[in-house]
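Please keep the sequence and the model in view while reading.

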Amino acid sequence: MKDRNKTLEEFYIKHYREFCKRVSNRAGGAYNSEDVVQEAFLRAFTYWDSYDPERSALGAWFNTILNNSLKDFMHDQRME
């Protein structure tokens, strides 16, 4: 498997806008959704060692991280 930086960079380039659109309404707009998605990618980089490609696809693993980032953002913003 490619190194972490290259894999996440390609994934980021390919899916960034899609993820921003996905969380935009729940995050309170495009500006906030960008923050949530960037936080999710930072967490993915940080927790890369927990990713097991035999257990789940990269997209499924990242989706969990994205949902947790959104949940934390909403809690911090008192949006829940």
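Tryptophan 48 and tyrosine 51 are both buried, a term that stands for under 20% relative accessible area, with exposed meaning over 50% and partly exposed the range in between (1.4 Å probe, protein chains only). The model is a predicted one, in which local features need pLDDT of at least 70 and side-chain atom pairs count only at pLDDT 80 or more, while totals for chains, interfaces and linings use all residues. Residues are numbered from 1 along each chain as its sequence is written, and side-chain values use heavy atoms, with hydrogens and water left out.

The structure holds 11 aromatic pairs, where rings of Phe, Tyr and Trp (its six-membered ring) pair if their centres lie within 6.5 Å, and where planes under 30 degrees apart count as stacked, over 60 as edge-to-face and the rest as tilted. Tyrosine 12 and tyrosine 16, which both lie in helix α1, are four residues apart, about one turn of the helix; helices (H or I, at least four residues) and strands (E, at least two) are DSSP runs numbered from the N terminus. Tyrosine 12 is partly exposed at a relative accessible area of 30%, whereas tyrosine 16, at 9%, is buried. Through ring pairs, these two tyrosines join Phe11, Phe19, Phe41 and Phe62 in a cluster.

The charged side chains form a second set of contacts. Side chains of opposite charge can pair when their charged atoms come close. A search of the whole structure finds four salt bridges, each defined as a side-chain nitrogen of Lys or Arg within 4 Å of a carboxyl oxygen of Asp or Glu. One of them joins glutamate 34 to arginine 17 at 3.4 Å, N to O, and this pair links distant parts of the chain, since glutamate 34 belongs to helix α2 (residues 30-46) and arginine 17 to helix α1 (residues 4-27), 17 residues apart. Arginine 17 counts as exposed because its relative accessibility is 51%, while glutamate 34, at 25%, counts as partly exposed.

Which residues are linked in a network of salt bridges? They are Glu39, Arg43 and Asp72. Within helix α2, arginine 43 and glutamate 39 are four residues apart, so about one helical turn separates them, and their side chains meet at 2.9 Å, N to O. Glutamate 39 counts as partly exposed at 31% relative accessibility, and aspartate 72 is partly exposed at 32%.
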